[in-house]
Amino acid sequence: MQVALDVTGLDTAEVLPSSPLEELYRRMMRERALGDLPQEVSEAELIPRYGVSRGIIRKLLLRFAAEGLVQRLPGHGWRFADSLVGEDAYRESYEFRAAVECAALRSPGFHADPQVLIPVRRAHERVLSDPGSISGDEWFRINASFHQGLAICSGNRFLADAVRQQNNLRRMQESAGFDELPSERIEQSCREHLAILDAIDAGEMEWAEALLRQHLRQASEFATLS
């Protein structure tokens, strides 16, 4: 007799292997974050660097462009977006995020959509079960999905787009640093996220906003010191 597997809450990233294209995307992201990949590049330079065809390089660059992380230059050149380098850039980014993400919680159209927030909660609960085993890439994805999820629930497409763009900028610059986060910091951030979700579930939106603002302030201080 065969028993069907209950895949409710299963993270497909844990069971499905990464494609070579996805691995190359992450490699380029890390190399740009570390400064190993110049801000301005050409397709001709990237082909021998990564040992792939022009078609693959162009597909990756188009993905970066769709995420607002690179823009096309005349000819076959590309320029990566300015990243969050330096304390001033981090401070300004977190100030902007606090304004936008807190505004999302105050939005008249905010709706705690279970289809959006339940998977986010389950992902955080999985992390708390063993915070030391999670990779930097996976934690960034879960972290970003929390903040993006709240913005989506605002019902305001412009707030959601702003948070998505900030997540993309963070991924570009912080993808390397997330691998170095101590498990204690991941666990603390996870519990703060869950406390915000608990407040939202209870309909205590002012308290949720206060917790979110405090969370972003603490995250800003940690990023500046790290």
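Predicted model: local features only at pLDDT ≥ 70, side-chain atom pairs only at ≥ 80, totals over all residues.
Residues are numbered from 1 along each chain as its sequence is written, and side-chain values use heavy atoms, with hydrogens and water left out. Local features need pLDDT of at least 70 and side-chain atom pairs count only at pLDDT 80 or more, whereas totals for chains, interfaces and linings use all residues.

Side chains of opposite charge can pair when their charged atoms come close. A salt bridge is defined here as a side-chain nitrogen of Lys or Arg within 4 Å of a carboxyl oxygen of Asp or Glu. The structure holds 17 salt bridges.

One of these joins Glu209 to Arg106, with the closest N and O atoms 2.5 Å apart. The pair links distant parts of the chain, 103 residues apart: Glu209 belongs to helix 10 (residues 205-225) and Arg106 to helix 5 (residues 87-106). Helices are DSSP runs of H or I with at least four residues, numbered from the N terminus. Glu209 counts as buried because its relative accessibility is 13%, buried meaning under 20% relative accessible area, exposed over 50% and partly exposed in between (1.4 Å probe, protein chains only). Arg106, with a relative accessible area of 48%, is partly exposed.

Within helix 9 (residues 183-201), Arg191 and Glu187 lie four residues apart, about one turn of the helix. Their side chains meet in a salt bridge at 3.1 Å, N to O. Glu187 is partly exposed, at 26% relative accessibility.

Arg91 also forms a salt bridge, with Glu92, and the closest N and O atoms are 4.0 Å apart. Arg91 is partly exposed at 38% relative accessibility, and Glu92 is partly exposed at 47%. Finally, a network of salt bridges links Glu22, Arg26 and Arg63.

Methods
Helix = DSSP H or I, 4+ residues; strand = E, 2+ residues; numbered from the N terminus.
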